Amino acid sequence: VKRHRGLLEIKRPLAPGAAASRDAILGAIDFIARRPHIHEVLVTGGDPLVLSDRRIAWILGRLSEIPHVERVRIGTRTLVTMPMRIARRLCGVLSDFRVPGRREVAVVTHVEHPMEVTPELAAVVDRLRLHGIPVYNQLVFTFFVSRRFEAAWPRRLLRRCGIEPDYTFNTKGKDETRAYRVPIARLLLQLKEEARLLPGLARTDAAVYNLPAIGKNDLASWQHCDLVSILPDGSRLYEFHPWEKKIAAQRTYLAADVPILDYLNRLET
């Protein structure tokens, strides 16, 4: 773990000092408590389910003391990577903070490929649902799962396991993720393919683009994205607008997309 420009950079999983301290967590909870417009909280990391049951219960307990928090989402990959972590005791810990009609606790995972949908995953999803915990999937739309109709098959499998579709998002637009990225045009085309193959409850209608400093921008929202120009290499330059700029000072973000021809050539190769 090292600091760069005041930010913590984590070099490997479970590195010493990587986990948030008790004071840092309390500071974040106090931040939420003082802002009544916040009604949904994402507990993520890293992966919060590598924490002990006791630590998770403490975090959820402090959040449950905030009257305006209606929903707590837990972002985790353990359903895929370590399904035995979703034991009955943990399901009970999560369920204890549910109040029907008042507060929901949900699990959000990231499944990208059909081979990640295992019998063990199906079993722990069923266990969570029996404890009243809904499970959603956010599919990261990378180059390696972007061929025509490719994302539709894991979506169907997940729905049969009881995992609800949430949204599909593009890899964060940084140079180091370039090998994983696809053009925004391909992400939007994928939605049309899903509309043909996945009617009803299995469909994911939201496409979002993940941006440094801004987060996930919904591409269906016209006010969030403007096409500025097309660069000499064919990449499209977009300006993304954070919705918060209406209520707080925040800059827009300029991002160059993956050139469509480069993407097609990679697929052919």
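**Helices, sheets and a salt bridge**

Mentor: Start with two helices. In this predicted model, the axes of helix α2 (residues 53-64) and helix α4 (residues 88-95) come within 10 Å.

Trainee: Are α2 and α4 roughly parallel or roughly antiparallel to each other?

Mentor: Look at the crossing angle. The two axes cross at roughly 10°. Angles under 35 degrees count as roughly parallel. α2 and α4 are therefore roughly parallel.

Trainee: Which residues of α4 make the contact with α2?

Mentor: Take the α2 side first. D53, I56, A57 and L60 contribute there. The residues of the contact divide into six nonpolar, no polar and two charged. From α4 come R89, L90, V93 and L94.

Trainee: Which helix joins β6 and β7 in a β-α-β unit, and what is its handedness?

Mentor: Begin with the strands. β6 (residues 135-141) and β7 (residues 164-170) pair in the parallel sense over six bridges. With β6 and β7, the unit is made by helix α6 (residues 152-161), and it is right-handed.

Trainee: What is the bridge partner of N170?

Mentor: Follow β7 to its pairing with β8 (residues 207-211). Three bridges join these strands, which run parallel. For N170, the partner lies in β8 and is Y209.

Trainee: Which strands stand at the edges of the open sheet of three strands?

Mentor: Read off the order. It is β10-β11-β12, with antiparallel pairing. Two strands have a single partner strand each, so one side of each is left without a neighbour in the sheet. Those edge strands are β10 (225-230) and β12 (253-256).

Trainee: What does the twist of that sheet average from one strand to the next?

Mentor: The sheet has the order β10-β11-β12. From one strand to the next, its twist averages 25°.

Trainee: What is the bridge partner of L237 in β12?

Mentor: Strand β11 (residues 236-240) pairs with β12 in the antiparallel sense, over four bridges. Within β12, the partner of L237 is A256.

Trainee: How many residues apart in sequence are the parts tied together by E40 and R71?

Mentor: The structure holds 11 salt bridges. In one of them, the side chains of E40 and R71 meet at 2.7 Å, N to O. E40 lies in strand β3 (residues 40-43) and R71 in strand β4 (residues 71-75), so the pair ties together parts whose separation in sequence is 31 residues.

How values were computed
Residues numbered from 1 in each chain as written. Predicted model: local features only at pLDDT ≥ 70, side-chain atom pairs only at ≥ 80, totals over all residues. Heavy atoms only, no water. Pairing = 2+ DSSP bridges. Right-handed = clockwise from strand over helix to strand, strands pointing away. Axes fitted to C-alpha atoms, helices over the stretch in contact; angles between N-to-C directions. Parallel < 35°, antiparallel > 145°, perpendicular 65-115°, else oblique. Contact = heavy atoms within 4.5 Å. Nonpolar A, V, L, I, M, F, W, Y, C, P; charged D, E, K, R; others polar. Salt bridge = Lys/Arg side-chain N within 4 Å of Asp/Glu carboxyl O.
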